[in-house]
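Me: I've got a two-chain model open and would like to talk through how it is put together. Can we go one question at a time?

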Amino acid sequence: MEQVKPLIPVNALPEASIQSGFFALFRKEVRRFYSVAFQTVAAPILTAVLYLLIFGHVLASSPKIYGYEYASFLIPGLVMMSILQNAFANTSSSLIQSKITGNLVFILLAPLSHIEFFAAYVSAAMIRGLSVGFGVFMVTIWFAKIPFAAPIWIFIFALLGSALLGSMGLIAGIWADKFDQLAASQNFIIMPATMLSGVFYSIHSLPGFWLTVSHFNPFFYMIDGFRYGFFGDSDVSPYHSLLVLLICMSLVSWLALSMLKKGYKLRH
Amino acid sequence: MSALSIRAVKKSYGDLVALDGVSLEVEQGEFFGLLGPNGAGKTTLISSMAGLCTPNSGTIEVMGHDVQKDFRMARRQLGVVPQELVFDPFFTVRETLTFQSGYFGLNKNDDWIDEIMANLDLTNKANANMRSLSGGMKRRVLVAQALVHRPPVIILDEPTAGVDVELRQSLWQFISRLNQAGHTIVLTTHYLEEAESLCGRIAMLKQGRVVALDTTQNLLAKHRPPGMPPKLLGDDGAADLEAVFVKIMAESK
């Protein structure tokens, strides 16, 4: 018969201490999207390539923008749009799935602070957004000549943009009680805001009213600042875009952290 | 220092009073039963201990740590097996346990995880995806998840609901070993024979209030239903506690 090993008595165990659970939650979130990478990474890359093929072909004869062919102008916008949409999708879909299936309880039972929770979910969202963006870039770069005028701006806007959308996804995932509500926020807010942010056009080609409206769309500043990193030229100054992005990031992070700290819709 | 210290805890959801001034002390190393009919407030009380819900008033301490003010240390000391059969469909059994351990900051915990899996007969399912497991196996993983950080206080919320005899036996053997090693166990169950054979002390809840709190022995001795001589109740333990439970619930308003 198998010998049962005696357990170490509780009072002989090392004293419990608080160690960060951030890396475990971060790894779990990355592993989650990586385990379905066809859906979470490959599919959005294909979608972006289709946009390029269709719009690039239809608008091939458009006037040059910043001195480059339309396809060259379009690619950075598509890359950034993919980064933003996928960062949002990662946090929001992970949270709503965990809430609805009930397995969020395992994270809520752990001694994770609201800051660790926020940092782990948003960092994983950034990894997914940046992975998709990098994939889109690597596939589309062969279709047009792309300059790198100021690469530091590319990194700044990619990192901050993905963090902002990851945080927004976190808020949406906490707020939504069902998939339908989340789909509404994705399809009626995030999708139009990114599509109408100058991904496919320079806002200076818009009539006056819509040009003004575009300046109230924070997604425009993310796309425009990101594009500046490639062309060294943009519709507004990259410093202006960065300021808008930092203000948005501060507000959204504060809201997400407050919701997590309070346990809004997570703890009753 | 008590393992669990619950003082005048009240919790309402709108007009529904789930907990109406519950006070309890559970000492370290106890095997404690928390019994009551459906809707008595057992799960709300457990959720309050685990920080899953916030009481309207009162305090709860786990191993001397307030579950609200010092929530990180309180949660570090507590392992909870939830009632619902929930799991993350993306991962294998081992991944599930490794991540759960990591949430508690324990990143090199493979020996203990292996030991838990061996004790719960999960070793040969270590690399199986959670989706592929039977209900009983998923229940075992739930228990394992609550134990990954070897908490001194373990709460089992109806852990044997709908599971086969084999799991019940192996689960109780393992939980009894943990109790013998000094872990405090709090058990809620509708199988009163389990509570009677395992728990040294029992609290009974009804409509959010504690209506009985004593050692299992005293409860059985004091609350024998009238007209039932001890000799009729003595051999069959299950009938004993069940009869006592029914009597106490009927008497309490």
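Me: Over how many bridges do strand 1 and strand 2 of chain B pair?
Reply: Bear in mind that this is a predicted model. Strand 1 covers residues 4-13 of chain B, and its pairing with strand 2 of chain B is antiparallel. One link you can pick out is S12(B), whose bridge partner in strand 2 is V17(B). The count for the pair is eight bridges.

Me: Which residue in the hairpin of strand 1 and strand 2 of chain B takes a positive phi?
Reply: That hairpin leaves two residues between the strands. The phi in question is near 65°, and the residue that takes it is G14(B).

Me: In what order do the strands of the antiparallel open sheet of chain B lie?
Reply: There are four strands in this sheet of chain B, paired antiparallel, in the order 2-1-4-5. Strand 2 (16-26) and strand 5 (65-66) have a single partner strand each, so one side of each lacks a neighbour in the sheet.

Me: Which residue is the bridge partner of E61(B) in strand 5 of chain B?
Reply: Strand 4 (residues 57-62) of chain B runs antiparallel to strand 5 of chain B, and two bridges join them. For E61(B), the partner in strand 5 of chain B is D66(B).

Me: Which strands stand at the edges of the six-stranded sheet of chain B?
Reply: This second open sheet has mixed pairing and the order 6-7-8-3-9-10 in chain B. Its neighbouring strands are turned by 15° against each other on average, ignoring direction.

Me: What is the radius of gyration of chain B?
Reply: Chain B has 10 helices and 10 strands. The globule rule gives 18 Å for its 253 residues, and the computed value is close to that, so chain B is as compact as a globular protein of that length. Along the principal axes, the C-alpha trace of chain B spans about 55 × 40 × 35 Å. The radius of gyration is 18 Å.

Me: Now the interface. Which element gives the largest share of the side of chain A that touches chain B?
Reply: Overall, 31 residues of chain A are in contact with 33 residues of chain B. On the chain A side, helix 1 (22-34) and helix 4 (105-108) are the elements that give two or more residues. That side divides into 18 nonpolar, 10 polar and three charged residues. The largest share, five residues, comes from helix 1 of chain A.

Me: How far apart are the axes of helix 1 of chain A and helix 3 of chain B?
Reply: The helices pack at an angle of about 145°, with helix 3 of chain B covering residues 93-103, and the crossing is left-handed. F23(A), A24(A), L25(A) and K28(A) meet F99(B), G102(B) and Y103(B) there. The axes are 7 Å apart.

Me: Within chain A, are helix 6 and helix 9 roughly parallel or roughly antiparallel?
Reply: Helix 6 (residues 151-175) and helix 9 (residues 218-231) of chain A pack with axes 6 Å apart, at about 155°. Their contact includes W153(A) and F157(A) of helix 6 and M222(A) and F226(A) of helix 9. It divides into nine nonpolar, three polar and no charged residues. Since angles over 145 degrees count that way, the two helices of chain A are therefore roughly antiparallel.

Me: And is the crossing of helix 2 and helix 5 of chain A left-handed or right-handed?
Reply: The axes of helix 2 (residues 37-58) and helix 5 (residues 114-140) of chain A come within 9 Å and cross at roughly 40°, which makes helix 2 oblique to helix 5. Among the contact residues are V41(A) and I45(A) of helix 2 and V132(A) and V136(A) of helix 5. The crossing is right-handed.

Notes:
Residues are numbered from 1 along each chain as its sequence is written. Chains are lettered from A and ligands numbered from 1 in the order in which they are written. This is a predicted model: local features need pLDDT of at least 70, side-chain atom pairs count only at pLDDT 80 or more; totals for chains, interfaces and linings use all residues. Two strands pair if DSSP finds at least two bridges between them. Two residues are in contact if their C-beta atoms, placed from the backbone, lie within 7 Å. Ala, Val, Leu, Ile, Met, Phe, Trp, Tyr, Cys and Pro count as nonpolar, Asp, Glu, Lys and Arg as charged, and the others, Gly among them, as polar. Axes are lines fitted to C-alpha atoms, for helices over the stretch in contact, and angles run from 0 to 180 degrees between N-to-C directions. Angles under 35 degrees count as roughly parallel, over 145 as roughly antiparallel, 65 to 115 as roughly perpendicular and the rest as oblique. A crossing is left-handed if the near helix is turned anticlockwise from the far one by less than a right angle, and right-handed if clockwise. The radius of gyration is taken over C-alpha atoms; the globule rule is 2.2 Å times the number of residues to the power 0.38.
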